[in-house]
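Open the model in your viewer and keep the selection panel at hand.

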Amino acid sequence: MSASGEGILNVMMRGGDPATEAGWEDAPPRMGFFTDTSICIGCKACEVACKEWNEVPEDGLDWLGSSHDNTRHLGADTWRHVAFVEQRVAAPREDEQIGRGADEGFRWLMASDVCKHCTHAACLDVCPTGAIFRTEFGTVVVQDDICNGCGYCVPACPYGVLDKRESDGGIHKCTLCYDRLGAGQEPACAKACPTESIQFGPLEELRERAAGRVELLHEAGVTEARLYGEDPADGVGGDGAFFLLLDEPEVYGMPPDPVVTTRDLPAMWNRVAVAAGALLVGAALCFGGGDRS
Amino acid sequence: MKRPQEYPSSYYGRPIINAPTWKELDVAGYLFLGGLAGASSILAAGASVTGRPAVERRSGACATTAITLSLVALVHDLGRPKRFLHMLRVAKPSSPMSVGVWLLSAYAPLAIAATASDVTGVARPLGRASGLGAAGLGAGVCTYTAALIANTAVPAWHDGHRELPFLFAGSAASAAGGFALMTAPLAQTGPARRLAVAGAVAELASERLMERRLGMVAETLHTGKAGRRLKAAKALAAGGAIVAGTLGGRSRTAAVVGGAALVAGSALTRFGIFAAGMTSAEDPRYTVEPQRARKAAREAATAGVRAD
C-alpha cells in the first residue's frame with residue numbers, strides 16, 4: 001500500500017505512527033481532532049454537519065429530559081454527540097455582588113464527543129472480516145461493503161462509539177470524514193464549528209496547541225481544565241481525537257481510564273491454551289478406568 | 001469558578017460502553033452448544049479408541065448436531081447473514097472471532113465426517129482419524145469462546161479473562177459427560193461419568209475464583225436475571241455431579257437425572273455469564289468505578305515515587 005503526499009513531516013512521523021505500523025509507506029502526518037470543550041457553546045452544528053455530509057439517518061426525535069441533550073449517545077447513527085451537563089457550583093464573584101449565595105451559581109458543561117481514533121484500536125483488532133482498517137491518516141474506518149454486522153467491535157470499544165444500524169445490519173461510526181481528508185478538506189464537524197471548539201489538524205500540532213491552551217486556562221484560574229486522551233502512554237496509546245475537559249471524564253459519559261482490551265489478549269490466549277490442554281489431559285485420565293463403580 | 005463538591009459518576013446514568021448487539025439465544029446458545037460439541041468430540045474419540053461404541057455413536061452425533069446448530073446460530077446472529085463468508089477474507093490472531101471461525105472451519109467438517117463414517121461404516125480408518133482430529137480441535141472450540149467474550153470492554157467478561165477459559169472448559173466437560181450419561185448404557189459410561197463430575201467441579205471452582213477477582217463487578221453475577229440463572233446453574237451442577245458420581249454407575253435413572261442436571265447446569269451457566277456481561281455493560285458504574293479505582297491507585301503510586 002502507499003499513500004499520497006510526501007514531505008519532511010512524513011519522515012518525522014515515522015516510528016510509532018499507527019499508519020506506518022499498519023503498512024502504509026510514506027504516510028502523511030497523523031490527523032486528528034482536538035475538541036476544546038471550554039469554548040463549546042452547545043450549538044450542535046457539528047452533529048448536523050456530520051449527519052448531512054455523511055448521510056447518517058435520523059435516529060429518533062425524542063425528548064430525553066437531559067438538559068439540551070436529545071441525542072443520547074454515540075452510535076451507528078450518531079457520530080458526533082454534544083453532551084450537556086448542568087452543575088450547581090459556587091457563584092462567580094459578580095453574582096455574589098448582586099446578592100446570590102455561595103452555592104447558587106450554575107454552570108453548563110458542553111462537549112462534542114466523537115470516535116477517538118485510538119492509536120491501539122480495539123475495534124480494528126477484533127474485526128474478523130478486515131472491514132475496519134487504518135487509513136493513511138492514522139484514522140480508523142469501517143468499510144461498509146465488507147462489514148457483515150458480526151458486532152464484535154461494538155462491545156470491544158472502550159468508549160461506546162460503534163453500534164449496529166438496524167436498517168442495514170452493518171456497523172457504523174465516524175470516519176473522520178475520510179472522503180474529505182482525501183480531497184484535502186477538513187471534516188464536516190470541524191468546518192461547521194463556529195467557535196473552533198473542534199479543531200482539526202496534524203495530531204502533533206494539536207497536542208502542542210492543547211498543552212498551551214491548558215496552561216492559559218490554568219493561568220486564568222480555570223484550574224479544573226485538563227486534557228483527556230492526549231497521552232500516548234495511556235491505555236489506548238493515546239487518542240487521535242482528544243479533548244480538553246472541565247471535569248472528570250465520566251461526568252461527560254467518557255470512561256476515566258480506558259484500556260484497549262487486546263492488551264490482555266496474549267494472557268487470554270495463554271489461559272485458553274492451558275485450559276484446552278487440561279481438558280484433553282483430564283479427559284484422557286478419565287478413560288483410564290472401568291465403567292462400573 | 002470552583003469545582004462542584006459532589007461528582008456524579010455518570011452522564012444521566014447512561015452506559016459508557018455500547019452493550020453487545022449479540023442476540024442472547026444465538027450467542028449464549030452458541031457458547032453452550034460449542035462447548036457441548038467440542039467436549040463431546042473428545043469423549044467420542046476416547047470411546048472410539050477404548051472400544052465403547054455406544055458412547056462414540058451418541059457423543060459423536062451430539063457433537064455433529066450441536067456444531068451444526070452452532071453454525072446456524074452464528075450466521076443467524078450476523079447483521080448481514082449473507083456476508084458470512086467475509087469471515088474468511090482474513091485470519092487475525094488479534095480477533096478471537098477470526099481464530100474461532102478458522103477453528104470451526106476445520107473442526108466442524110472433521111466432527112461431521114467422524115460421525116458420518118461411524119454411522120454408515122464407510123471409510124472407518126479415515127473416520128477414526130477425523131474423530132481424533134475433531135477431539136484435538138474440540139478442546140479449542142470449548143475454550144476459545146472464553147477469549148471471544150473476554151476480549152471486549154464488557155467489565156464482567158473482560159475482568160474474568162483469567163478464569164473464564166477454565167470455567168468454560170469445565171462447563172463443556174460437564175455438559176458432554178452429562179449427555180453421554182443420559183444416553184449411553186451404563187456399561188460404557190465410566191469415563192463420561194468421571195469427566196462430567198470433574199468438569200462440574202472445575203466449573204464451580206473457576207466461578208468461585210472469578211467472583212472473587214471481579215470485586216464490585218461480581219454483583220452482576222449475583223443479581224437479576226444472571227443471578228437467578230447462575231444460582232440455578234450451580235445447584236444443578238453440584239446436584240448433578242453428586243447424583244452422577246455416586247449412583248450414576250449403578251442406576252440408569254440416576255445416570256439420566258444426573259446427566260440431565262449437568263447439561264442444564266452448563267447451559268444455564270453460559271446464559272448466566274452472558275446476562276451478567278450485558279448488565280455490566282448497561283450500568284455505567286461497572287465501567288466507571290473499577291477504572292476510577294485503577295486510576296487512583298496509579299496516581300497514588302506515582303505520588304509515592306515522587307515523595308521518595
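## Stop 1: two helices of chain B

Select α7(B) and helix α9 (residues 224–246) of chain B: they pack at an angle of about 150 degrees, and their axes lie 9 Å apart. The axes are lines fitted to C-alpha atoms, for helices over the stretch in contact, and angles run from 0 to 180 degrees between N-to-C directions. Helices (H or I, at least four residues) and strands (E, at least two) are DSSP runs, numbered from the N terminus.

Before going on, note that this is a predicted model: local features need pLDDT of at least 70, side-chain atom pairs count only at pLDDT 80 or more, and totals for chains, interfaces and linings use all residues. Residues are numbered from 1 along each chain as its sequence is written, while chains are lettered from A and ligands numbered from 1 in the order in which they are written.

Back to the pair. α7(B) and α9(B) are therefore roughly antiparallel to each other. The cut-offs are under 35 degrees for roughly parallel, over 145 for roughly antiparallel, 65 to 115 for roughly perpendicular, and oblique for the rest. The crossing of α7(B) and α9(B) is left-handed: the near helix is turned anticlockwise from the far one by less than a right angle, whereas clockwise would be right-handed.

Now show the contact residues (C-beta atoms, placed from the backbone, within 7 Å). From α7(B), they include Arg193(B), Ala196(B), Ala200(B) and Glu203(B). From α9(B), they include Lys234(B), Ala237(B), Gly240(B) and Ala244(B). The contact of α7(B) with α9(B) has nine nonpolar, two polar and three charged residues. Here Ala, Val, Leu, Ile, Met, Phe, Trp, Tyr, Cys and Pro count as nonpolar, Asp, Glu, Lys and Arg as charged, and the others, Gly among them, as polar.

## Stop 2: Ser174(B) and its helix

Select Ser174(B), in helix α6 of chain B. Is this residue buried or exposed? Ser174(B) counts as buried, with 35 C-beta neighbours inside 10 Å. The cut-offs are 20 or more other C-beta atoms within 10 Å for buried, 12 or fewer for exposed, and partly exposed in between, with C-beta atoms placed from the backbone.

Show the neighbours. Beyond four places in sequence, Ser174(B) contacts residues including Ala196(B), Ala200(B) and Glu203(B), and also Ala237(B). Leu262(B), Gly265(B) and Ser266(B) are among its contacts too.

The axes of α6(B) and α10(B) come within 7 Å and cross at roughly 150 degrees. The two are therefore roughly antiparallel to each other. α6(B) passes α10(B) in a left-handed crossing. Ser174(B) takes part in this contact, as do Gly177(B) and Gly178(B) of α6(B). On the α10(B) side, look for Gly258(B), Gly259(B) and Leu262(B), among others. By class, the contact has nine nonpolar, nine polar and one charged residues.

## Stop 3: α3 and α4 of chain B

Select helix α3 (residues 96–120) of chain B and helix α4 (residues 124–150) of chain B. They pack at an angle of about 150 degrees, with axes 7 Å apart. That makes α3(B) roughly antiparallel to α4(B). Their crossing is left-handed. The contact residues divide into 18 nonpolar, eight polar and two charged.

## Stop 4: where the chains meet

Show both chains. How many residues of chain B are in contact with chain A? The count is 75, against 66 residues of chain A. α4(B) gives the largest share of the chain B side, eight residues. That side has 40 nonpolar, 23 polar and 12 charged residues.

Zoom to Thr261(A), in the loop between β10 (241–245) and α10 (265–286) of chain A. Thr261(A) is buried, with 26 other C-beta atoms within 10 Å. Leaving out residues up to four places away in sequence, Thr261(A) touches Ala122(A) and Ala156(A), plus Asn151(B), Thr152(B), Ala153(B) and His158(B).

## Stop 5: inside chain A

Select chain A alone. It has 10 helices and 10 strands. Of its 293 residues, 48% count as buried.

Pick helix α3 (residues 45–54) of chain A. Its buried residues are Ala45(A), Cys46(A), Ala49(A), Cys50(A) and Asn54(A). They cover an arc of only 130 degrees around the axis, which puts them on the same side of α3(A). The arc is that of the directions from the helix axis to the C-beta atoms. β2 (80–89) and β3 (105–114) of chain A are among the elements that cover them. Finish at Glu55(A), which follows α3(A) and has a positive phi, near 50 degrees.

Note on methods:
Two residues are in contact if their C-beta atoms, placed from the backbone, lie within 7 Å.
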